[in-house]
Amino acid sequence: MLNIVLFGPPGAGKGTQAEKLIAKYKLVHLSTGDLLRSEIAAKSKLGMEAKAFMEKGELVPDSVVIGMIGARIQKETAAKGFIFDGFPRTTAQANALDELLNANKTAISVMISLEVAHDELVKRLLNRGKDSGREDDKDVSIIENRIKVYNKETLPVINYYAEQNKHRGINGTGSIDTIFADICTAIDTSK
Ligand code: AMP
């Protein structure tokens, strides 16, 4: 199996690159942000639990996110591999993901970390907010909080994968196709 962690701050281009990776490598895309937004739309108990955190740009508790992703992995019995997008966002989530994959006799192949400067992230998110319908993309203070939370709680996840020699940093600015080519090289050389 080819299991990729697509990592980076909000606005780094994970969703855009995930779409291209799915087409090329035929993997199952698991975006915890998308899954949580579907839960909110369905007004499920999990969605209601997550909503208040997401509106403030805070992380949803690990137990909620880990339970949700575990259930999805179990369902995808025919998958050739997964792209994890926006997950793991804490070291506890990274640990739990390793355990979940281990139980299915597989593992993370590579972690692709998209690197984009702070001001560019804010610009991209505000731009996306004009037509994404996402409230958390419209308000500068929520955007700034999401980036702050990323720097404080999520960045340490890089060390987790670097220790396993699976971390690959990729410049996330430039043309979408150039970034995609760099990601593919990183994936293909770590298979
Ligand atoms: P995203 O679509 O990845 O930008 O996620 C939107 C929001 O969903 C985040 O700001 C968090 O509130 C929540 N979220 C998504 N993924 C996670 C995760 N792995 N852990 C905790 N919260 C998450």
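Predicted model: local features only at pLDDT ≥ 70, side-chain atom pairs only at ≥ 80, totals over all residues.
Entry 1. I listed the residues around the ligand and found 15, of which Thr32, Arg37, Glu58, Arg89 and Gln93 come nearest. I then sorted this shell by class: 6 residues are nonpolar, 4 are polar and 5 are charged. Helix α2, spanning residues 32–41, gives the most to the shell, with 4 residues.

Entry 2. I looked up the N and O atoms facing the ligand. In the side chain of Thr32, an N or O atom is 2.8 Å from a nitrogen atom of the ligand. For Gln93, a polar side-chain atom lies 2.9 Å from a ligand nitrogen atom. With Glu58 the backbone is involved: one of its N or O atoms lies 2.6 Å from an oxygen atom of the ligand. I also checked the ligand's surface, which comes to 480 Å² exposed when the ligand is taken alone, and the protein buries 96% of that.

Entry 3. I searched for cavities of 30 Å³ or more and counted 1. The largest cavity holds about 60 Å³ of space. I noted its lining as Leu6, Phe7, Gly8, Lys14, Gly86, Phe87, Pro88, Arg89, Tyr150 and Thr154. Two elements, β1 (4–7) and α7 (140–154), each give two or more residues to this lining. By class, I recorded 5 nonpolar, 3 polar and 2 charged residues in the lining.

**Entry 4. Cross-check.** I noted that Arg89 is among the residues that come nearest to the ligand and also lines the largest cavity.

How values were computed:
Residues numbered from 1 in each chain as written. Heavy atoms only, no water. Near = heavy atom within 4 Å. Polar contact = N/O pair within 3.5 Å; in protein donor to acceptor, adjacent residues only side chain to side chain. Areas by Shrake-Rupley, 256 points an atom, 1.4 Å probe, with all protein chains shown as cover. Nonpolar A, V, L, I, M, F, W, Y, C, P; charged D, E, K, R; others polar. 1 Å grid on protein atoms, 1.4 Å probe; cavity = no way out; pocket = protein on both sides within 12 Å on 5 of 7 lines; lining within 4 Å. Points joined across faces, edges and corners; volume = space filled by probe spheres on them.
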